[in-house]
Amino acid sequence: MKITVHAVGRMKAGPERELADRYFERFARSGPAVGLEYAGLVEIAEGRAQTANERRREEGQKLQTMLQQGTALILLDERGRSFSSEEFAGRLGLLRDGGRKALVIAIGGADGHDQSLRDQADLVVSFGALTWPHQLVRVMLGEQLYRAATILAGHPYHRS
């Protein structure tokens, strides 16, 4: 299953980007052994509309262009459900084993995701009740994807 990360906002060079890139690279190397292929990161500019609803809608329309027939969608959203790393890995495994060929994991902008995206998402995931900066969410997502691949492979990186 090809996994693409879709992120609203551009990440500048710096330590956060280096750390996120490191985890995405680790995932890209370890994922294929368990049927998870990292297809890359797509960054889009934040919406420029006047209201939060209009910005969410504008950003959501850009994401819709990536969602081909049969593509699974996971949204990262503070109003989503928190999962353990094992549960998250299991959900990725279920999507893969269910015949999904592609998955888009979306990091929304400052205003979150449009309700239409939330309605069509296969899963809405929260990294906790706290609000996280966009840069750290990318780092955490990269690390969790790498961790999921190691869990699915039975690798000792994840010790529980």
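The largest pocket holds about 650 Å³ of space. A pocket, on a 1 Å grid over the protein atoms alone, is an open set of points with protein on both sides within 12 Å along at least five of seven lines; lining residues have an atom within 4 Å of a point. Grid points are joined across faces, edges and corners, and the volume is the space filled by probe spheres set on the points.

The model is a predicted one, in which local features need pLDDT of at least 70 and side-chain atom pairs count only at pLDDT 80 or more, while totals for chains, interfaces and linings use all residues. Residues are numbered from 1 along each chain as its sequence is written, and side-chain values use heavy atoms, with hydrogens and water left out.

The largest pocket is lined by 30 residues, and Gly-108, Gly-109, Trp-132, His-134 and Val-137 are the closest to its centre. At least two lining residues come from each of helix 1, strand 3, strand 5 and helix 5. Helices (H or I, at least four residues) and strands (E, at least two) are DSSP runs, numbered from the N terminus. Strand 3 gives the largest share of this lining, four residues. By class, the pocket lining has 11 nonpolar, 10 polar and nine charged residues. Here Ala, Val, Leu, Ile, Met, Phe, Trp, Tyr, Cys and Pro count as nonpolar, Asp, Glu, Lys and Arg as charged, and the others, Gly among them, as polar.

Strand 5 covers residues 123-126 and includes Ser-126. Ser-126 has a relative accessible area of 5% and is therefore buried (under 20%; exposed is over 50% and partly exposed in between, with a 1.4 Å probe and protein chains only). Its side chain reaches the backbone oxygen of Gly-128 at 2.8 Å. Setting aside neighbours within four places in sequence, Ser-126 is in contact (heavy atoms within 4.5 Å) with Asp-77, Glu-78, Gly-80, Arg-81 and Ser-82.

A nonpolar core is a set of buried Ala, Val, Leu, Ile, Met, Phe, Trp, Tyr and Cys residues joined through side-chain atoms within 4.5 Å. This core has 31 residues, and Phe-27, Ile-74, Leu-103, Ile-105 and Leu-145 have the most contacts inside it. Helix 5 gives the most, with seven residues. Leu-103, leaving aside neighbours within four places in sequence, is in contact with residues including Met-1, Ile-3, Leu-73, Ile-74, Leu-92 and Leu-95. A second, separate core of nine residues includes Leu-63, Leu-67, Val-104 and Ala-106.

The structure also has one cavity of 30 Å³ or more. A cavity is a set of grid points where a 1.4 Å probe fits but cannot get out. The largest cavity contains about 60 Å³ of space. Its lining has 14 residues, with Val-8, Glu-59, Gly-60, His-113 and Leu-117 nearest the centre. Strand 1 (2-8), helix 2 (52-64) and strand 4 (102-107) are the elements that give two or more residues to this lining. Helix 2 supplies the largest share, four residues. By class, the cavity lining has five nonpolar, six polar and three charged residues.

Definitions and conventions: A polar contact is a pair of N or O atoms within 3.5 Å; within protein, one must be able to donate a hydrogen and the other to accept it, and residues adjacent in sequence count only if both atoms are side-chain atoms.
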